[in-house]
Amino acid sequence: MSKIVYKEALKTTTMFLCDSKIEAYYENYLNSEVKQLKEKLSGIETSNGLKSFIHKDRDSIEKIITLLGISGEKFKRVVSWIRLNKGYTFESEWSTKKLRSELISNPSLMEEYCELFASGYVSSKFSAIVPKFILHDFRIDNNTIERLKNDDYIRNLIKDKITTSYNIKYRDLYLSKLDNKIRQIVDLYGLEFGKKDLPHFSNKQLTTISLGDKHIIINSSFYLTTSSKQTTYYKVTIQPIVQDSQADSNTLVINILDGAGWIARNSDFKKVFRDCDYYLNLKTIDNLNIIIKEFFKID
């Protein structure tokens with residue numbers, strides 16, 4: 001069997017999966033979170049209302065970050081700027097949970113952060129240590145609270161926070177489907193399938209189909225969106241395996257990619273497609289039958 005051509009690899013890619021249980025879970029989650037934010041964040045435009053909310057709700061900082069539409073990383077940077085300006089020295093940033101506990105136990109710190117949200121964007125004290133361009137995002141006033149009236153707006157803010165979790169659910173579903181397909185094929189021939197270390201391979205715990213001292217190495221990845229980790233995947237996982245396999249005639253390398261994120265990151269897709277003996281995906285996985293028969297010489 002010859003390796004699939006690049007154009008066919010693109011055409012047969014499974015761009016998305018759709019699972020009713022995953023979709024129902026996130027739909028219910030979004031509806032619940034929108035309702036909670038509307039109820040719990042009402043009134044935090046006043047200093048007393050904000051203090052009360054932080055005291056009462058253990059996830060208050062996360063909810064404030066969501067309402068403001070900023071990233072957790074950006075929020076941590078500003079918290080660290082203020083801590084440094086107040087004379088703190090530290091080796092790690094506060095988590096949102098740690099910040100809340102510090103605010104509750106330290107009234108002066110609570111006043112500081114309530115002032116940041118209430119008037120920091122027009123305060124010379126804060127603009128002296130944090131750029132105004134960034135400060136403007138840390139603003140809770142009547143206009144901010146007006147956002148709570150727009151369910152779609154709040155829903156989109158929440159979706160931004162859970163996109164990674166959503167993508168991971170589908171990645172895990174994909175890998176489960178692929179694993180089941182491979183196992184069904186491998187079991188037909190009584191071959192060993194699982195993770196193991198191979199002599200002379202720098203990468204450990206490789207996924208292999210094995211018979212005696214002959215091994216088919218399976219590398220698989222699914223991305224719904226693009227990420228710099230895809231470049232890392234090629235450099236850290238694929239490249240060393242291919243280099244090590246060239247010196248071992250008893251090994252074969254199969255790379256498997258699916259997901260819209262791989263199509264969007266075409267340069268990395270091409271490298272992973274190029275650096276293998278055979279290329280498969282979920283739609284063409286049945287071709288593994290032919291590869292197994294040829295490589296292990298099974299009639």
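Let me start with β1 and β2, which pair in the antiparallel sense over 5 bridges. Two strands count as paired if DSSP finds at least two bridges between them. Helices here are DSSP runs of H or I with at least four residues, strands are runs of E with at least two, and both are numbered from the N terminus. Within this pair, E192 has S210 in β2 as its bridge partner.

A word on the source. This is a predicted model, in which local features need pLDDT of at least 70 and side-chain atom pairs count only at pLDDT 80 or more, while totals for chains, interfaces and linings use all residues. Residues are numbered from 1 along each chain as its sequence is written, and side-chain values use heavy atoms, with hydrogens and water left out.

Now the whole sheet. It is open, has 5 strands in the order β1-β2-β3-β4-β5, and its pairing is mixed. The edge strands are β1 and β5, residues 278–280, each of which pairs on one side only. On average, neighbouring strands of this sheet are turned by 30° against each other, direction ignored. For angles, axes are lines fitted to C-alpha atoms, for helices over the stretch in contact, and the angle between N-to-C directions runs from 0 to 180 degrees.

Helix α11, residues 151–188, packs on the sheet and touches β1, β2, β3 and β4; its direction makes about 155° with that of β3. Contact means heavy atoms within 4.5 Å.

Moving along the sheet, β3 and β4 pair in the parallel sense over 8 bridges. F222 has D258 in β4 as its bridge partner. β3, helix α12 (residues 229–245) and β4 make a right-handed β-α-β unit. Right-handed means that, with the strands pointing away from the viewer, the path from the first strand over the helix to the second runs clockwise. On to the next pair: β4 and β5 run parallel and are joined by 3 bridges. There, I254 stands opposite Y278 in β5.

How many residues of β4 are buried? The count is 8 of its 8, where buried means under 20% relative accessible area, exposed means over 50%, and partly exposed lies in between, with a 1.4 Å probe and protein chains only. In a regular strand the side chains alternate between the two faces of the sheet. On one side of β4 we have T251, V253, N255 and L257, on the other L252, I254, I256 and D258, and all are buried.

L198, in the loop between β1 (192–196) and β2 (206–211), is in contact with L206, T208, H215, I217 and T251, not counting residues up to four places away in sequence. L198 counts as buried because its relative accessible area is 4%. S245, in helix α12, contacts F201, T251 and V253, again leaving aside neighbours within four places in sequence. S245 is buried too, at 9% relative accessibility.

Next, the cores. A nonpolar core is a set of buried Ala, Val, Leu, Ile, Met, Phe, Trp, Tyr and Cys residues joined through side-chain atoms within 4.5 Å. The largest one has 68 residues, of which I182, I209 and I216 touch the most other members. Its largest share, 11 residues, comes from α11. I182 touches F193, I209, I218, I256, I285 and L288, not counting residues up to four places away in sequence. A second, separate core of 19 residues includes I4, F201, I217 and F273.

From α6, L99, E102, L103, I104 and S105 meet P107, L109, M110 and Y113 in α7. The residues of this contact divide into 7 nonpolar, 1 polar and 1 charged. Here Ala, Val, Leu, Ile, Met, Phe, Trp, Tyr, Cys and Pro count as nonpolar, Asp, Glu, Lys and Arg as charged, and the others, Gly among them, as polar.

Helix α4, residues 60–68, is mostly covered, with 8 of its 9 residues buried. K63 is one of the buried residues. G69 follows α4 and has a positive phi, near 70°.

Last, N150, in the loop between α10 (142–146) and α11. N150 counts as partly exposed because its relative accessibility is 40%. N150 and E33 are 117 residues apart along the chain, and their C-alpha atoms are separated by 13 Å.
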